[in-house]
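Q: Could you walk me through this structure? I'm new to it, so please take it step by step.

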Amino acid sequence: MAGITGKDAILTNYARKLETLDAPKGRSLTQDAMRRLVRNKAAVVSIFMVIAIVLIAFIGPYLLPWSYSEVDWTAIRKPPDFEKQHYFGTDQNGRDMFARVLQGTQMSLIVAAVATIVSVSIGVVYGAVAGYFGGRVDAIMMRFVDIMYALPYILFVIILVVIFGRNPVLLFVGIGCLEWLTMARIVRGQTLSLKEKEFVEAARAGGAKPFTIIMRHIVPNLTGPVVIYATLTIPEIIITESFLSYLGLGVQEPQTSLGTLISFGAPVAEVLPWMLLAPAAVLVTLLLCLTYIGDGLRDALDPKDR
């Protein structure tokens, strides 16, 4: 027995040494994730670019001599002119394109932020409840998700816009209410694993109610997957909003969005190319940066890559 005990002690010490080599001393999982994210140059550059775009979009309009709806009768359909401070030129009505692009970027970002918050809130709660209770409750709830997946997404958004009008707030909520399906599946899968952990069993043995366990013990441990998917959801929502605005079902005048500006610039691209190139360049840059950030967060927070 003594020999066996000594052998077990040697193996235990060896395992501890390996753990010490794999996990640097004094570094938490959050610090490790931040270190991995910082090493991703594309993600870091994208973060700074998105911050710059957000700051310019929300602060820039207060610094410009022209508002997005103001008409300059002396510069109608003019190319970029730095003397008159029309940095992106003007449209057919003499409105400054730089101010309109900033306003459109504002609207697209607001739509993406609000719709993402709505979709994440619904998806996290729905998926956590389905995964925790399991059994028949899980089967019924996930079959509903499957049915919603089978139906055309854009058609639902168009129906919401037609029924409730072209109110921007309803557009935000409507898009968010239809973007939660994938989040619900991700959260449900993670919850099925988490509900078998010791801390959940301890909470259950202590008499905690199911919804208390879900909100206090399971949901806080879903931060990584939720953050990753939320970051990847933002560009998808921006594309959806731009597509609806391009069709004339999204943001309406006097407000504007990047999709609306592209829809106005596309028919006159050969004559007034700046009307299409300016909003399209901002939209593409924003989408690429958000995608790189999402990929960087996924690589940093994925435990399989550690």
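A: Keep in mind that this is a predicted model.

Q: Okay, and which residues make the nonpolar surface patch?

A: The patch covers about 920 Å² and is made by Phe48, Ile51, Val54, Leu55, Phe58, Ile59, Tyr62, Leu63 and Ile110.

Q: Take Phe58: is it buried, partly exposed or exposed?

A: Phe58, whose place is in helix α3, is partly exposed, since its relative accessible area is 31%.

Q: Switching to the inside, which residues in the largest nonpolar core touch the most other members?

A: That core has 66 residues, and the ones touching the most other members are Val101, Ile175, Met183, Val187, Ile218, Val226 and Ile238. Its largest share, 14 residues, comes from helix α4 (residues 97-133).

Q: What does Val226 touch, then?

A: Leaving aside residues up to four places away in sequence, Val226 touches Val120, Val124, Met183 and Val187. Apart from this core lies another one, of 5 residues, which includes Leu64, Tyr68, Phe98 and Ala99.

Q: Why would nonpolar side chains be buried together?

A: As a general matter, in soluble globular proteins nonpolar side chains tend to be buried together.

Q: Now the rings: how many aromatic pairs are there?

A: The count comes to 7 aromatic pairs. One of them joins Tyr87 and Phe98 in an edge-to-face arrangement, with 5.7 Å centre to centre and 90 degrees between the planes. Because Tyr87 lies in the loop between α3 and α4 while Phe98 lies in helix α4, the pair ties together parts that are 11 residues apart in sequence.

Q: What about Tyr126 and Trp180?

A: Tyr126 and Trp180 form a tilted pair, 4.8 Å centre to centre with 55 degrees between the planes. This pair links distant parts of the chain, 54 residues apart, with Tyr126 in helix α4 and Trp180 in the loop between α7 (168-177) and α8 (181-194). Tyr126 is buried at 18% relative accessibility, and Trp180 is buried too, with a relative accessible area of 7%.

Q: Last one: where is Leu249?

A: Leu249 sits in the loop between α11 (223-246) and α12 (258-265), and at 16% relative accessibility Leu249 counts as buried.

Terms used: Residues numbered from 1 in each chain as written. Predicted model: local features only at pLDDT ≥ 70, side-chain atom pairs only at ≥ 80, totals over all residues. Heavy atoms only, no water. Core = buried A, V, L, I, M, F, W, Y, C linked by side-chain atoms within 4.5 Å. Buried < 20%, exposed > 50% of the residue type's maximum accessible area, 1.4 Å probe, protein only. Helix = DSSP H or I, 4+ residues; strand = E, 2+ residues; numbered from the N terminus. Contact = heavy atoms within 4.5 Å. Patch = residues over 30% accessible without salt bridge, like charges linked within 9 Å, V, L, I, M, F, W, Y side chains within 5 Å. Areas by Shrake-Rupley, 256 points an atom, 1.4 Å probe, with all protein chains shown as cover. Salt bridge = Lys/Arg side-chain N within 4 Å of Asp/Glu carboxyl O. Phe/Tyr/Trp six-rings, centres within 6.5 Å; stacked < 30°, edge-to-face > 60°.
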